[in-house]
Amino acid sequence: MEFNQFFVQGMALLGAGIAMVAGLGQGIGQGFAAGKGAESVGRNPEASGKIQSIMVLGIALAETTGIYSLVIAILLIFVKG
């Protein structure tokens with residue numbers, strides 16, 4: 001069974017849209033990490049440097065999921081779309 005080019009383009013664009021849904025979870029995760037970091041600095045201000053470095057590392061790791069989904073969406077749009 002062979003699909004025509006319009007069906008393949010449509011499915012590629014649909015897949016790109018679904019791939020960008022990963023940005024929703026990534027944004028929630030970053031907000032949660034920043035909120036907990038601010039809460040912990042409020043409880044223990046002396047450890048703010050260590051808390052901040054760990055929080056930035058966690059947010060950077062959460063950001064990678066958004067970047068990966070963006071790369072997949074761009075590939076789907078410009079290679080198959």
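Axes here are lines fitted to C-alpha atoms, for helices over the stretch in contact, and angles run from 0 to 180 degrees between N-to-C directions. Helices (H or I, at least four residues) and strands (E, at least two) are DSSP runs, numbered from the N terminus. The model is predicted: local features need pLDDT of at least 70, side-chain atom pairs count only at pLDDT 80 or more, and totals for chains, interfaces and linings use all residues. Residues are numbered from 1 along each chain as its sequence is written, and side-chain values use heavy atoms, with hydrogens and water left out.

**View 1. Helix α1 against helix α3.**
Helix α1 spans residues 5–19 and helix α3 spans residues 48–80. The two pack at an angle of about 165°, and their axes are 8 Å apart. That angle makes α1 roughly antiparallel to α3 (angles under 35 degrees count as roughly parallel, over 145 as roughly antiparallel, 65 to 115 as roughly perpendicular and the rest as oblique). The crossing of α1 past α3 is left-handed, a term used if the near helix is turned anticlockwise from the far one by less than a right angle; clockwise is right-handed. From α1, the residues in contact (heavy atoms within 4.5 Å) are Val 8, Gln 9, Ala 12, Leu 13, Gly 15, Ala 16 and Ala 19. They meet Ser 69, Ile 72, Ala 73, Leu 76, Ile 77 and Lys 80 in α3. By class, the contact of α1 with α3 holds nine nonpolar, three polar and one charged residues. Ala, Val, Leu, Ile, Met, Phe, Trp, Tyr, Cys and Pro count as nonpolar, Asp, Glu, Lys and Arg as charged, and the others, Gly among them, as polar.

**View 2. Ala 16 in helix α1.**
Ala 16 sits in helix α1. Its relative accessible area is 4%, so Ala 16 is buried (buried means under 20% relative accessible area, exposed over 50%, partly exposed in between; 1.4 Å probe, protein chains only). Leaving out residues up to four places away in sequence, Ala 16 touches Ala 73, Leu 76 and Ile 77. Gln 5 is 11 residues from Ala 16 along the chain, and their C-alpha atoms are separated by 16 Å.

**View 3. Helix α2 against helix α3.**
Helix α2 covers residues 22–43. The α2 and α3 axes lie 9 Å apart, at an angle of about 175°. The two helices are therefore roughly antiparallel to each other. On the α2 side, the contact is made by Ala 22, Gly 23, Gln 26, Gln 30, Ala 33, Ala 34, Gly 37, Ser 40 and Val 41. On the α3 side are Ser 48, Ile 51, Met 55, Ile 59, Ala 62, Glu 63, Thr 65, Gly 66 and Ser 69. The contact of α2 with α3 has eight nonpolar, nine polar and one charged residues.

Gln 26 belongs to helix α2. Its relative accessibility is 13%, so Gln 26 counts as buried. Apart from neighbours within four places in sequence, Gln 26 is in contact with Ala 62, Glu 63, Thr 65 and Gly 66. Ser 69 belongs to helix α3. Ser 69 also counts as buried, at 7% relative accessibility. Not counting residues up to four places away in sequence, Ser 69 touches Ala 19, Met 20, Ala 22 and Gly 23.

**View 4. Gly 35 and Arg 43 in helix α2.**
Gly 35 lies in helix α2. Gly 35 counts as partly exposed, at 38% relative accessibility. The C-alpha atoms of Gly 35 and Met 55 are separated by 9.8 Å, with the two residues 20 apart along the chain. Arg 43 is in helix α2. Arg 43 has a relative accessible area of 70% and is exposed. Arg 43 and Ile 67 are 33 Å apart, C-alpha to C-alpha, and 24 residues apart in sequence.

**View 5. Spans annotated in UniProt.**
An unreviewed UniProt entry places "domain: V-ATPase proteolipid subunit C-like" at residues 14–76. Such positions are given in the numbering used here, feature names are shortened, and annotations may be inferred rather than shown by experiment. Residues 14–76 are 90% helix and 0% strand, with end C-alpha atoms 9 Å apart. The UniProt annotation "transmembrane region" (unreviewed entry) covers residues 12–34 and 54–79. Residues 12–34 are 91% helix and 0% strand, and their end C-alpha atoms are 34 Å apart. Residues 54–79 are 100% helix and 0% strand, and their end C-alpha atoms lie 38 Å apart.
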